[in-house]
Amino acid sequence: MTPNDAALTVEGLEARGKGKVLLIACGALAHEILALTAANGWDHLDLQCLPANLHLWPDRIPAAVEAAVIQRRAAYDAVFIVYADCGTGGLLAAKCAELGVEMVEGPHCYSFFEGNAAFAAKAEEEFTAFYLTDFLVRQFDAFVWRPMGLDRHPELRDMYFGNYTKLVYQAQTDNPTLDAKAEDCARRLGLAYERRFTGYGDLAPRLRQVAGQVALA
């Protein structure tokens with residue numbers, strides 16, 4: 001199954017309704033999670049994705065996660081939340097603790113794709129970096145260009161991005177087409193360009209841990 005990015009952005013992805021554990025994830029992570037589950041034969045993991053565009057309103061993420069957990073948890077042995085803090089200011093972690101479910105560690109997907117320890121080590125020197133992942137490169141117009149009004153008011157670019165120095169493309173895959181598009185995103189924003197292959201970072205071992213725990217339960 002190859003989900004459609006536009007649908008992942010506004011609709012998310014419905015769970016198949018089978019498996020021992022339900023992963024409730026951001027739609028921006030669907031491709032990576034499905035690739036990992038397929039490559040590792042984790043058929044006991046099921047995936048539901050909430051709309052990726054919730055990131056435009058991060059205060060809505062905890063309530064959306066709560067609703068999904070309440071709706072689905074009775075059908076599974078366990079639920080795991082594949083979101084980092086994602087701009088919720090700790091509210092998502094508090095909600096997960098209240099619900100008794102675990103979540104991915106880290107402040108955001110840029111951190112766990114880089115590796116949380118590696119990202120933290122670079123934080124002091126990269127506070128002027130703007131990050132994109134594979135999904136955000138593909139959906140750059142939907143998540144950056146149009147929401148910021150740059151399609152209508154390109155003169156706002158320097159106001160928004162004047163304090164940034166470079167765009168870092170954290171590549172999950174080796175894809176020359178995405179690389180070229182990411183470089184074009186940097187050009188449009190007036191930033192220097194850096195491609196950094198991260199693969200799946202901390203996401204892969206964390207999901208492997210979840211898959212192993214459930215398989216042994």
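# Close-up views of a predicted model

**View 1. Cys86 sits in the loop between β3 (78–82) and α4.** Helices (H or I, at least four residues) and strands (E, at least two) are DSSP runs, numbered from the N terminus. This is a predicted model, in which local features need pLDDT of at least 70, side-chain atom pairs count only at pLDDT 80 or more, and totals for chains, interfaces and linings use all residues. Residues are numbered from 1 along each chain as its sequence is written, and side-chain values use heavy atoms, with hydrogens and water left out. Cys86 is not a glycine, yet its phi is positive, about 55 degrees. Most residues other than glycine have a negative phi. Is Cys86 buried or exposed? Cys86 is buried, with a relative accessible area of 11%. Here buried means under 20% relative accessible area, exposed means over 50%, and partly exposed lies in between (1.4 Å probe, protein chains only).

**View 2. Four strands form an open parallel sheet in the order β2-β1-β3-β4.** Two strands pair if DSSP finds at least two bridges between them. The edge strands are β2 and β4 (102–103), and each pairs on one side only. Helix α2 packs on the sheet and touches β1, β2 and β3. The direction of α2 makes about 175 degrees with that of β2. Such angles run from 0 to 180 degrees between N-to-C directions, with axes fitted as lines to C-alpha atoms, for helices over the stretch in contact. Contact means heavy atoms within 4.5 Å.

**View 3. Strand β1 (residues 21–26) pairs with β2 and with β3.** The β1 and β2 pairing is parallel and spans 6 bridges. Leu22 has Asp46 of β2 as its bridge partner. Ile24 is partnered by Gln48, also in β2. Towards β3, β1 has 5 bridges, again parallel. There, Ala25 has Val82 as its bridge partner. 6 of the 6 residues of β1 are buried, so the strand is largely enclosed by the rest of the structure.

**View 4. Strand β3 is mostly covered.** Of its 5 residues, 4 are buried. β3 pairs with β4 in the parallel sense over 2 bridges. Ile81 stands opposite Met103 in β4.

**View 5. Asp46 lies in strand β2 (residues 45–50).** Asp46 counts as buried, at 1% relative accessibility. Which backbone nitrogen does the side chain of Asp46 reach at 2.8 Å? It is that of Gly17. The backbone nitrogen of Arg16 lies 3.1 Å from a polar atom of the Asp46 side chain. A polar contact is a pair of N or O atoms within 3.5 Å; within protein, one must be able to donate a hydrogen and the other to accept it, and residues adjacent in sequence count only if both atoms are side-chain atoms. Neighbours within four places in sequence aside, Asp46 is in contact with residues including Lys18, Val21, Leu23 and Tyr76.

**View 6. Helix α2 (residues 30–40) has buried residues and is followed by a glycine.** Ala30, Glu32, Ile33, Leu34, Leu36 and Thr37 are buried. Gly41 follows α2, and its phi is positive, near 65 degrees.

**View 7. Three strands form an open parallel sheet in the order β5-β6-β7.** β5 (129–133) and β7 (192–197) stand at the edges, each with a single partner strand, so one side of each is left without a neighbour in the sheet. Neighbouring strands are turned by 25 degrees against each other on average, direction ignored. β5 and β6 (residues 166–171) pair in the parallel sense over 5 bridges. Thr133 has Gln170 of β6 as its bridge partner. Helix α10 (residues 176–189) lies across β5, β6 and β7, at about 160 degrees to β6.

**View 8. The largest pocket holds about 760 Å³ of space.** On a 1 Å grid over the protein atoms alone, a pocket is an open set of points where a 1.4 Å probe fits, with protein on both sides within 12 Å along at least five of seven lines; lining residues have an atom within 4 Å of a point. Grid points are joined across faces, edges and corners, and the volume is the space filled by probe spheres set on them. The lining has 34 residues, of which His55, Tyr110, Phe130, Tyr131 and Leu136 lie nearest the pocket's centre. Elements giving two or more residues to the lining are α5 (109–114), α6 (116–122), β5, α8 (140–145) and α9 (157–161). The largest share, 5 residues, comes from β5.
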